[in-house]
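This report describes one protein for a reader who is new to structural work. Please keep the sequence and the structure in view while reading.

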Amino acid sequence: MKKRRLIHWSIRGPAATSGHDRASHPAFRYMTTEIGARIRHPLPVLARATNREIQP
């Protein structure tokens, strides 16, 4: 079994943005875009690894 590796993503919390909802919307948009990109990036590698592991 491979050793697990912990990864920490430093993404500023959008709730810290001052102002009303309209002012904080860009911060929330940035956060969701950033998280989406970080999740999508390793998916092809993970899919290949998983497929190899389940092959008989």
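A residue is called buried when its relative accessible area is under 20%, exposed when this area is over 50%, and partly exposed in between, using a 1.4 Å probe and protein chains only. The model is predicted: local features need pLDDT of at least 70, side-chain atom pairs count only at pLDDT 80 or more, and totals for chains, interfaces and linings use all residues. Residues are numbered from 1 along each chain as its sequence is written, and side-chain values use heavy atoms, with hydrogens and water left out.

**Overall picture**

The protein contains two helices and zero strands; helices (H or I, at least four residues) and strands (E, at least two) are DSSP runs, numbered from the N terminus. Of its 56 residues, 5% are buried. Its accessible surface, found by the Shrake-Rupley method with a 1.4 Å probe, is about 5700 Å², and carbon and sulfur atoms account for 59% of that surface.

**The salt bridge**

Side chains of opposite charge can pair when their charged atoms come close. A salt bridge is a side-chain nitrogen of Lys or Arg within 4 Å of a carboxyl oxygen of Asp or Glu. The whole structure holds one salt bridge. Arg38 and Glu34 form such a bridge, and their closest N and O atoms are 2.8 Å apart. Both residues belong to helix α1, where they stand four residues apart, about one turn of the helix.

The table lists the accessibility of several residues.

| Residue | Relative accessible area | Class |
|---|---|---|
| Arg38 | 25% | partly exposed |
| Glu34 | 21% | partly exposed |
| Ile35 | 30% | partly exposed |
| Trp9 | 37% | partly exposed |
| Ala15 | 69% | exposed |

**The segment before α1**

Trp9 is found in the segment before α1. Although Trp9 and Arg38 are 29 residues apart along the chain, their C-alpha atoms are separated by 8.7 Å. Trp9 touches Arg38 and Ile39, leaving aside residues up to four places away in sequence; contact here means heavy atoms within 4.5 Å. Ala15 also lies in the segment before α1. From Ala15 to Ala27 there are 12 residues in sequence and 8.2 Å in space, C-alpha to C-alpha.

**A nonpolar patch**

Which residues make the nonpolar surface patch? Ile7, Trp9, Ile35, Ile39, Leu43 and Leu46 make this patch of about 540 Å². Helices α1 (21–40) and α2 (43–54) are the elements that give two or more residues to the patch. Patches are made of residues with over 30% relative accessible area and no salt bridge, with nonpolar side chains (Val, Leu, Ile, Met, Phe, Trp, Tyr) joined within 5 Å and like charges within 9 Å. Ile35, a member of the patch, lies in helix α1.
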